[in-house]
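Here is a friendly briefing to read with the model open beside you. The points are grouped by topic, and cut-offs come along with the terms.

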Amino acid sequence: MEGIFFPSSVIWSILVVLGLYLIQKLLRFGHREKYLPPGPPTFPILGNAHQIPAKNLFRKLKEWGDQYGPVYSLKIGQGTLIVLNDRRAVHDLIDKKSAIYSDRPLDHNVEVCMGNENIAFLQATPLWRAQRKIASQNLAPRALDDRVVRIQEAEFCQLLSDLLETPEDVIMYGFRAPTFDNFWATLNKALEPGTYLPIEQFPILRYIPDRWAPSKDRAKRAYANSTQIWSEARERVAERRRNGDERICLADRLLSGEVNQDVPFSYTQFNNFLGGVHQGAADTTLSAMLTILLFLAKHPWVQQKAQIELDRVCGTERAPTWAEFKDLPYINCIVKECLRIRPMCDDWFDGMLIPKDASIFIPVYALHQNIYADPETFNPDRYLDHPRLAMDYAGSPDYMNRDHYSYGAGRRICVGIHLAERTQWRFAARLLWAFKLEPTTDEKTGEKSVLDTEAYTEGFIRQPSPFSLKITPRSEKQADVIRSDFKNVEDFLKTWE
Ligand code: HEM
């Protein structure tokens, strides 16, 4: 039988059509679909990836918001990012529909790094729900004000003379970090986020062999390292308990079976859950406290205004306590203003938006710049009409009156928000009651150093770059109170080491 014969012109035509089809497909990769909100012009294949700056992305997000409107989109390869730079959009999508917008974007590298065991990065699975429930019950205002109040106040007695403490360790594991190089103080430094291949956005990168993609190996090592650290933390708790030393903290309550678990945790899930909450607490709280220090030192009028209030309520004889929250409203304004002017991270969600796999992003810095007049000016007075705590505003349907978005939104809102609020308030209140904060003076020239409130580190959590301050007690009386307060709690603090 004779074979079917295609003239070479037909073969060429097919190849040309196929080639054109592939080129067209390739050119459309990274292209913004018509139904998406507007955004910066895309480049074939890359989309907007090449326009994402390595530094100060938060400022670029604001610039794009000014240019393309409150809701805009970015294309990163085949991935879509919808940026919600608008109170109403955040409320309608993230608060009201939080059941469908409580997921995290799929990210293979994050999955490998965290082994799907870190509460902050888990998809909205039954494991996340079980972990979230335990964390929110144990970090609820009542639990904190009943169980944690004494140790937190005591830590702040020490902090006045020694600004080096990380009180979260006590609440999680029942151990405190008496010095910076102590095991409990160094945990976070082992978890530096690395750079890695954006596989979800550019799926072809998946086929790069592991040996040419060091980030893949790094992700596996990151999981192994952090799991080892959190397992050591748990073993230290277990060892202390074997010696009959049980303490009031989440790890002990879980190990004693006092906390109801909706989903049983494996050994590593248990350890990485506690580690994940600790991680959520440590860098954020540190960054917030450094921002408070930096901005107060830069703005003496704010110190003076707060100190008038503190002197009226506490005099020089005693330091303020959390019980005086309502009598010292200006401290709350300072905490809010610091979180507004320098939010430390932006916020990611995944959900059912069209297109289905789009990620949603709240550009917190840009949003804060949009919603307040004169946003670059540090002015706690703008919060005088917001006397309540952040969660009251975040949970209110009156979204136009929300104070700030630094704790996120919807079901994923920071689970440590109540502890974070208490920690920052205690820090600001005691610091201002006790000390005068100033820039340092150059011994040779006699000139005051300039505190740079723009100098922040890049990374997952933004923090003020190192700065130095002159911290002097406001009076001899206050210095005496600091000393005697610390003496009174010293033995109590030792029982947590
Ligand atoms: C000033 C201090 C803090 C700030 C600004 C802050 C901010 C945030 C933000 C923006 C998120 C993501 C929220 C979202 O996706 O909508 C978050 C999540 C989280 N935070 Fe905080 N945080 C702080 C302190 C704390 C503390 C003290 C703890 C624990 C004791 C904590 C534990 C967590 C955890 C576990 C998550 C993940 C929650 C989840 O995905 O379900 N944070 N935090």
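Thr227 is buried because its relative accessible area is 10%, where buried means under 20%, exposed over 50% and partly exposed in between, using a 1.4 Å probe and protein chains only. This Thr227 belongs to helix α9, residues 214–242; helices are DSSP runs of H or I with at least four residues, strands are runs of E with at least two, and both are numbered from the N terminus. Please keep in mind that this is a predicted model, in which local features need pLDDT of at least 70, side-chain atom pairs count only at pLDDT 80 or more, and totals for chains, interfaces and linings use all residues. Residues are numbered from 1 along each chain as its sequence is written, and side-chain values use heavy atoms, with hydrogens and water left out.

- Thr227 touches Thr268 and Asn272, leaving aside residues up to four places away in sequence; a contact means heavy atoms within 4.5 Å.
- Glu421 sits in helix α16, residues 417–434, and counts as buried because its relative accessibility is 4%.
- With residues up to four places away in sequence again left out, Glu421 touches Trp322, Val335, Leu339, Leu389, Ala390 and Tyr407.

**Cysteines and the iron**

- The iron atom of the ligand has a single protein donor, the SG of Cys414, 2.3 Å away; donors are N, O and S atoms within 2.8 Å of the metal (3.2 Å for Na, K and Ca), and since water is not among the atoms, sites may look incomplete.
- Cys414 is found in the loop between α15 (390–394) and α16, and it is partly exposed because its relative accessible area is 30%.
- Zero disulfides turn up in a search of the whole structure, a disulfide being a pair of cysteine sulfur atoms within 2.5 Å.
- Cys249 is in no disulfide, and the nearest cysteine sulfur, that of Cys414, is 19 Å away.
- Cys249 is buried, as its relative accessible area is 3%.

**Strands around β2**

- In strand β2 (residues 79–84), six of six residues are buried.
- In a regular strand, side chains alternate between the two faces of the sheet.
- Gly79, Leu81 and Val83 point one way from β2, while Thr80, Ile82 and Leu84 point the other way.
- Strand β1 (residues 71–76) pairs with β2 in the antiparallel sense over six bridges; two strands pair if DSSP finds at least two bridges between them.
- Leu74 has Leu81 of β2 as its bridge partner.
- Two residues lie between the strands in the hairpin of β1 and β2, where Gly77 takes a positive phi near 55 degrees.
- β2 also pairs with strand β4 (residues 359–362), in the parallel sense over three bridges, and Ile82 has Ile360 of β4 as its bridge partner.

- α16 and helix α17 (residues 476–494) pack at about 135 degrees with axes 9 Å apart; axes are lines fitted to C-alpha atoms, for helices over the stretch in contact, and angles run from 0 to 180 degrees between N-to-C directions.
- This makes α16 oblique to α17, since angles under 35 degrees count as roughly parallel, over 145 as roughly antiparallel, 65 to 115 as roughly perpendicular and the rest as oblique.
- Arg430, Trp433 and Ala434 of α16 make the contact with Gln478, Val481, Ile482 and Asp485 of α17.
- Strand β5 (residues 435–439) has four of its five residues buried.
- β5 pairs with strand β6 (residues 469–473) in the antiparallel sense over five bridges, and Glu438 stands opposite Lys470 in β6.
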